[in-house]
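Subject: Structure handover

Hello,

Here is the structure I promised to pass on. Please open it beside this email and follow along.

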Amino acid sequence: MRSRSLIALLAIAVVATVTVGGCATKQNSAGGGGETKQGPTVRVASLLDSEGVVLGSMVIQMLEANGIPTEDKTKFGTPDVVRKAILAGDVDATIDYTGSGQYYVGPEGDPLWNDPEKGYQTIKEKDLANGLVWLTPAPANNSEYFGVKKEFAEANGLKSMEDFARYVNGSGAVKLIGDQSWMDNPAGLKAYEAAYGFTLRDDQKIGLSNGVTAQFIQALVNGTDGVNVAEVYATDGGLAEQGIVVLADTKNVPPVYRPTPVFRKEIIEAYPEIEGILKPVFESLTTETLQELNRQVAFGGKSGKDVAREYLVSKGFLKQ
């Protein structure tokens, strides 16, 4: 998706560092033109997927433009790896999703996670005890759905999850690929099965551990190992370009996953202005906006870092 820019940032910082009146300062590297503030360097991590890199890069570029030093840790790892790292203090910030709060602070599978505001307030309040601050979330919703190829949908009359349940219960051939944790979660695949009245056998499922939907989509498009259904995210880019149809979830089964910047409390105390810097950026990120940004990475040949910068400039959050 993109290459890490840590080495480049450090090189710029070293070259730009000057001493004024005994106080170390340096030019920030994100086009802000001002001095870098005194304080801890913020290590910004992200998940492995393109959306994580785009959003993580937005955070990095906005902080740098406002004189807050950063270290690029995007593409840090899977959700469980990133979560452990920020709790341990190995990284200082990341982008997380409100619906994931059910796994962090519980109660898992509770309907409150299907309410965008209740879910956000619950993880915000409870995670503070873990030393983490959830800032203003984006209005986008990155929930999990079922994607099938258009030809497969047309051949079997599949438009909704009710249609899919009817197809499964009629002994239709199914091979679903997705995140293993989603398959095991009472609020994931199991919730769909309960809501629509179908059950997939173990031999009808391929569970992966990384949660990278680009791999699920690639397997679906190529029909790898007989895959004809894939877990997809609402903000995945380029689904239509790949001939994928998302089955309508008329019962609103999955929890709401709003992308949210999350920081260690010590960082927010050191730079209380961070919340105000990132609030308008994340408030501008709708589901449709993220679909387009992710599409530019998946099909436009752009890096997540470049997509982030072009968006921030186009919206006036950064100067050219």
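How many helices and strands does the secondary structure of the chain come to? The count is 14 helices and twelve strands. Keep in mind that this is a predicted model. The chain has 320 residues, and 53% of them are buried. Look also at contacts between residues at least 6 apart in sequence: 73% of these join residues at least 24 apart.

The sheet around E10

Start with the open sheet of five strands. Its order is E9-E8-E10-E7-E11, and the pairing is mixed. Strand E9 (205-208) and strand E11 (244-246) stand at the edges. Each has a single partner strand, so one side of each is left without a neighbour in the sheet. On average, neighbouring strands here are turned by 35° against each other, direction ignored.

Here is some background on sheets. Strands of a sheet pair through backbone hydrogen bonds, and the pairing is either parallel or antiparallel.

Now find strand E10 (229-233). In which sense does strand E8 pair with E10, parallel or antiparallel? E8 covers residues 176-179, and its pairing with E10 is parallel, over two bridges.

Tyr 145 stands opposite Val 232 in E10. Glu 144 stands opposite Tyr 233 in E10.

Is E10 enclosed or open to the outside? Five of the five residues of E10 are buried, so the strand is largely enclosed by the rest of the structure. Buried here means under 20% relative accessible area.

The two faces of E10 can be read residue by residue. In a regular strand the side chains alternate between the two faces of the sheet. On one side of E10 are Val 229, Glu 231 and Tyr 233. On the other are Ala 230 and Val 232. These residues are all buried, and both faces are covered.

Next, look for helix H10 (213-222). H10 lies across E7, E8, E9, E10 and E11. Its direction is at about 145° to E10.

The largest pocket holds about 660 Å³ of space. It is lined by 34 residues. Closest to its centre are Pro 79, Ser 100, Tyr 103, Asp 179 and Ser 181. Several elements give two or more residues to this lining, including strand E5 (93-97), helix H4 (101-104), helix H8 (180-184) and strand E10. Which element gives the largest share? The answer is H3, with five residues. By class, the lining divides into 16 nonpolar, ten polar and eight charged residues.

The second largest pocket has a volume of about 290 Å³. Its lining has 19 residues. Nearest its centre lie Ser 50, Ala 214, Asp 236, Gly 237 and Ala 298. Helix H2 (50-65), H10 and helix H13 (287-298) each supply at least two lining residues. H10 gives the largest share here, four residues. The classes are eight nonpolar, eight polar and three charged.

Backbone details

- Gly 106 and Pro 107 are joined by a cis peptide bond, with omega about -5°. Pro 107 sits in the loop between H4 and helix H5 (116-127).
- Asp 225 has a positive phi of about 55°, although it is not a glycine. Its place is the loop between H10 and E10. Asp 225 is exposed, with a relative accessible area of 61%.
- Asn 252 also has a positive phi, near 50°, in a residue other than glycine. Its loop runs between E11 and strand E12 (259-264). Asn 252 is exposed too, at a relative accessible area of 59%.

Why do Asp 225 and Asn 252 count as exposed? The cut-off is over 50% relative accessible area, and the values are 61% for Asp 225 and 59% for Asn 252.

Best wishes

How values were computed. Residues are numbered from 1 along each chain as its sequence is written. This is a predicted model: local features need pLDDT of at least 70, side-chain atom pairs count only at pLDDT 80 or more; totals for chains, interfaces and linings use all residues. Side-chain values use heavy atoms; hydrogens and water are left out. On a 1 Å grid over the protein atoms alone, a cavity is a set of points where a 1.4 Å probe fits but cannot get out, and a pocket is an open set with protein on both sides within 12 Å along at least five of seven lines; lining residues have an atom within 4 Å of a point. Grid points are joined across faces, edges and corners, and a volume is the space filled by probe spheres set on the points. Ala, Val, Leu, Ile, Met, Phe, Trp, Tyr, Cys and Pro count as nonpolar, Asp, Glu, Lys and Arg as charged, and the others, Gly among them, as polar. Buried means under 20% relative accessible area, exposed over 50%, partly exposed in between (1.4 Å probe, protein chains only). Two strands pair if DSSP finds at least two bridges between them. Axes are lines fitted to C-alpha atoms, for helices over the stretch in contact, and angles run from 0 to 180 degrees between N-to-C directions. Contact means heavy atoms within 4.5 Å.
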